[in-house]
Amino acid sequence: MPEAHDRPPEKFTLKLRRYDPESGEAPYWEEHTVELAPHRSVLEAVLQAKDRFDGSIAIRCSCRQAICGSCGVRVNGEPALACHTHLDAAKAGARDGVIEIEPMGNMPVLKDLIVDMDAVHWKKIQRVTPWLLAKQPVPEREYIVSKESMVDVTQTMACIQCGACVSDCLAMEVDPGFIGPAALAKAYRFVGDPRDAEQFERLNDLAQDPQGLFDCTHCFKCVQACPKDVNPMGQIMRLRRIATSDHQIVDQNNGERHEAAFTRLIRDNGILWEAELLPRSYGGASWFGKFAPAAGKELLSSLPVAFYGLMRRKMTLAGILKPHKIPRQDLKAVQSIYERVESRPERYELNLYIAGEDE
Amino acid sequence: MKVAYWPGCVSRGFTPELHGSMAKVAPLLDIELVELDRACCTGAGVIAEHNQELADTLNARTFALAQQVDGAELMMNICSTCQGAQSECQERLDASAEYRAHVNSTLAGEGLSYERGLLTNKNFLWLLVEEIGLERLRSLVKRPLTNLKVGPFYGCYIVRPRERLGIDSEHPRDHYLDHVIDALGGTVIEYAGMRKCCGFPIITMNKEASLKQAGRHLGDAVDAAADCLVTPCPLCHLNLDLQQPLAEGIVGRELRMPVLHLPQLVGLALGLEPGELGLGRHVVRPTSVIDWSASVVAAAA
């Protein structure tokens, strides 16, 4: 088998989603067959179709080398940079060998493969105050910071603002007001920067927003979508960690309470006690949490669920009133792990993006 | 085959029918389950959100316990969320000898240590396809699920991120549910939400958005004419089944979509009765919604 770069041109069939909102017509699919070497990109294929068959095909592009972030599209249903997706790989992942190319999701389509980044993506980026709010007094020359602290934020700085993560965010799909993965990753860029003066204010603002820090559903879509390994969901988890552990921010969305209740229930029992987790997530992590008014209100609204659960013997009264626990000796071992790890002066975090693999 | 078996928390809590049906199905597949009853919760991503090292150490302890199970070929779980959380911790532990030594020093008091390369941790779905094999599974079917239209619900933790979970063209793990349904004689129903989030992780933070997710996927499955869904994740089951009456209210339509746990679907095809598999314990009772005598039981006759 010759090397990819030496292989002769082949035929590739593209199925493009076409749409012009100004025409008043519904979107439709259109097929074109292009001829290119298999290592060439999906972007080149679209441009060849535009050049040879239909000059009205619209796609945004610029650098053609995965730096500018302009050509985000969906290839076979998955978000990707068109210039960073080889035709042979796209064909291998295609249904019936036809490469499907659509505009990104969660943003309005302006024309064909071009979406309105201003209306969604850039608005959300603006929302997180994406610039440094410098510590005072500003030094006469440069700030002196440790190398490690700047390496820590390089992962979020790798973002090229292509919108692939926004396109596929499942929380945004049902709650379009969610700040979203790209903007929250950008927020970490400044929260993690030792020169920034407003770490607490930034985190408190994001945590108290009902569509903010705690609205992420943990679906890993953004992690998978990102062509630059920014790991937006990982950054969201780091923001939460700093907000709850370093600043003790208690938000109005139950984010901190849920985390605290969960962590404490495992420390106390070894395994989860679901019947307690729900009320404590509303009322507070301690045993008394379930008696708080917010917990009572939630329990009332969950009565139909509890009723069905009990009727079907999914839940038993004993299970609701008494936790199942791991054996005493093991619970002690788990608790001593908690004690040892939580008493460290600093949290130990291993970020593989920065540390890499040593084996 | 003998496996170190991690059932998770929810399968022993609010979805007892999952743990129960797995115990019934295992002998039919020649799986010997050695339960890791000394292990603690994986943290489901929430403990890692609180403190990454804490989650990694708790899971390293579980892995170390699994490595002590004599003659176990691998570790098996029946919860996608456990799989996802454990894979994430294992990825970090395996990447750095220094970090592993650091974590192991916390476990040393108990005489435990996690060794890299000795432990493969597989969800029951992966084990079914990769260890038992679809051909063998097909040969064990006593009551093919003929005429049963099953929508796979994968959820998130078992399909993303692909690299961490070992998904590639040789191991298309994100298609295994389809393959299993097919091997059991059922018809696979594709629908928009099959690899999307059930909404469970934000049920206490944004209940409306959470139930909207569940309701939307269930509605998609109804529109695609599925008889039922099947899922490898008990947390997805909570949002899709237990919360379904509330989800119906949020999306404003009747859904009545039964959701089966994976071992239940396998058990039905292997000849177990719906009652034995705890199918009557669901909020949307598959026993009353699906005419089993017409779909599964009659097909065997």
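**Close-up 1. A salt bridge joins A:Asp168 and A:Arg74 in this predicted model.** The closest N and O atoms of the pair are 3.0 Å apart. A salt bridge here is a side-chain nitrogen of Lys or Arg within 4 Å of a carboxyl oxygen of Asp or Glu. Across the interface of domain 1 and domain 2 of chain A, the rule finds one salt bridge.

**Close-up 2. Polar contacts between domain 1 and domain 2 of chain A.** Seven residue pairs, both residues at pLDDT 80 or more, are in polar contact across this interface. Such a contact is a pair of N or O atoms within 3.5 Å; within protein, one must be able to donate a hydrogen and the other to accept it, and residues adjacent in sequence count only if both atoms are side-chain atoms.

**Close-up 3. The buried area between the two domains of chain A.** Domain 1 and domain 2 bury about 1200 Å² between them, with 56% of it on carbon and sulfur atoms. Buried area is the accessible area (1.4 Å probe) that two parts lose on being put together, summed over both. In domain 1, look for A:Pro79, A:Asn106 and A:Met107, which lose the most area to domain 2, together 43% of what that side buries.

**Notes for all views.** Residues are numbered from 1 along each chain as its sequence is written, and chains are lettered from A and ligands numbered from 1 in the order in which they are written. Local features need pLDDT of at least 70, side-chain atom pairs count only at pLDDT 80 or more, and totals for chains, interfaces and linings use all residues, while side-chain values use heavy atoms, leaving out hydrogens and water.
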